[in-house]
Amino acid sequence: MEAKTQVAPAPPRRLLTYGHQSIDEDDIRTVAEILRGDWLTQGPAIELFEAALRQYFGAQHAVVCANGTAALHLVASALDWKPGDVVIVPAITFLASSNCCLYVGAEPVFVDIDPDTLTIDPARVEEKVARLTAQGRRVRAIMGVDLAGHPCDWPALQSIAKRYGATLVDDACHAIGALCHGSKLGSGVHADVTVLSFHPVKHVTTGEGGALLTDDGELAQRLRRLRSHGTVRNPDAPDWEGPWYSDMVDLGYNYRLTDFQCGLGISQLRKVEHFLARRREIANFYDQAFAGSKWFRTPTTMPWARHAYHLYVLRAQFGRGMPDRRAFFAACLSRGIQLQVHYRPVMLNSYYRTRFPYDPAEFTTSLAYYSETLSIPMYPSLERADLEYVVETLEECAAD
Ligand SMILES: *Cc1c(COP(=O)(O)O)cnc(C)c1O
């Protein structure tokens, strides 16, 4: 009897998502080497990764930690934000940017974004800070988020922060390698402290991971201490009792990063310029492909900015001559492209809406942006054929 011929099904087209890590054999070798060694955590790879970050960003201090959210929590703790304090945060960001204020009892106050940069609007920040200050509130910090990889207008934010004595925090989780007026974010030129994430969709990954960059030595020391239970071991202290002795001086956490994650980070960081160049190539391709599109508007880059393209964000008038967003996303998914939205304005979330009622009139740009935005595949390993497929599929699904 003849065996039934097995016809192998055609391999499914790889699902194209908005972001994906790029791991190569060097990364794997570097991690394996550390796994074979003596230190899984609190070993020498931590300082090596921190040194590599200092060098890449041109920052005085780098402190790595468990993830970007932990990094933000460390900032809030180290800067001693307290109940009653206010921190200014953009309406369009990932939840973690504002949640860190709530972890320490401070109040995040949201401000609308600029329609071109999609980052916090300095004119609105100024208005809000002036009003809150006049009401006797203490505005401790202004947090900028370089959305999608486009830098905030840092000089404008800096001048407001200086006038009101607020700390300037850069949530640069989207923006490794971005330049603002020629200087790298995280270099210490633009903000007092810069927050990074090494989640797999970001430019450089350690699986989970985060880092803080600052030129303020005391702040770096406090961040480092809080990262590991708030303890210090100082043999020169007058009350030093012996080699077992450590003293808890702050209420800290265990937000450490492991050595093998740092190994991955070191190996990934060596390739960051290549990753960034590839992201820019992809952005150029999309810019040209969608330039004459009837449905899609491409992102804007200000002349003073170098975009890092963590995300490639298109805008579309969903439901007006094209399918509504739900139908459009479903059609694209059925053809192997999983689109995403970055982000639903934070204050719309139930938790925030209940605790902090907001006035939609203050957020016209953020709300309009939310109704129009879509993030399409953007990561270094996308090939030319993938990009052509994305453009073709989006145009077809829009015209359907
Ligand atoms: C990814 C991200 C974070 C949090 O980083 P995790 O490492 O996922 O905790 C914070 N802010 C922004 C803007 C992010 O994109």
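Visitor: Is P83 buried or exposed?
Guide: P83 counts as exposed, at 64% relative accessibility. Exposed means over 50% relative accessible area, buried under 20%, and partly exposed in between, with a 1.4 Å probe and protein chains only. Before we go on: this is a predicted model, where local features need pLDDT of at least 70, side-chain atom pairs count only at pLDDT 80 or more, and totals for chains, interfaces and linings use all residues. Residues are numbered from 1 along each chain as its sequence is written, and side-chain values use heavy atoms, with hydrogens and water left out.

Visitor: Where is P83?
Guide: In the loop between α3 (68-78) and β2 (85-90). Helices (H or I, at least four residues) and strands (E, at least two) are DSSP runs, numbered from the N terminus.

Visitor: And how far is P83 from E107?
Guide: Their C-alpha atoms are separated by 7.3 Å. Along the chain, P83 and E107 are 24 residues apart.

Visitor: New topic: β9. How many of its residues are buried?
Guide: 5 of its 5 residues, so β9 is mostly covered.

Visitor: Which way do they point?
Guide: G210, L212 and T214 point one way, and A211 and L213 point the other way.

Visitor: Which strands join β9?
Guide: β1 (residues 61-65) is joined to β9 by 5 bridges, running antiparallel. β8 (residues 193-197) is also joined to β9 by 5 bridges, again antiparallel. Strands pair if DSSP finds at least two bridges between them.

Visitor: What charge gathers around D216?
Guide: Negative. D192, D215, D216 and E218 form a patch on the surface. Patches are made of residues with over 30% relative accessible area and no salt bridge; like charges are joined within 9 Å, and nonpolar side chains (Val, Leu, Ile, Met, Phe, Trp, Tyr) within 5 Å. A salt bridge is a side-chain nitrogen of Lys or Arg within 4 Å of a carboxyl oxygen of Asp or Glu.

Visitor: Why is D216 called partly exposed?
Guide: Because its relative accessible area is 39%.

Visitor: On to α7. Is L223 buried or exposed?
Guide: Buried, with a relative accessible area of 0%. L223 lies in helix α7.

Visitor: Which residues other than glycine have a positive phi?
Guide: H229 is one of them, with phi near 70°. Y309 is another, with phi near 45°.

Visitor: Where do H229 and Y309 sit?
Guide: H229 is in the loop between α7 and β10 (231-232). That residue, H229, is partly exposed, at 38% relative accessible area. Y309 is in the loop between β13 (305-306) and β14 (312-316). Y309 is buried, at 8%.

Visitor: Which residues does a cis peptide bond join?
Guide: H342 and Y343, with omega about 0°. Y343 is in the loop between α10 (325-334) and α11.

Visitor: Last one. Where is P357?
Guide: In the loop between α11 (350-355) and α12 (364-372). P357 counts as exposed, at 69% relative accessibility. The C-alpha atoms of P357 and A291 are separated by 39 Å.

How values were computed. Accessible areas come from the Shrake-Rupley method with a 1.4 Å probe; for residues, only the protein chains shown count as cover. Lys and Arg count as positive and Asp and Glu as negative; His and the chain ends are not counted. The place of a charge is taken as NZ of Lys, CZ of Arg, CG of Asp or CD of Glu.
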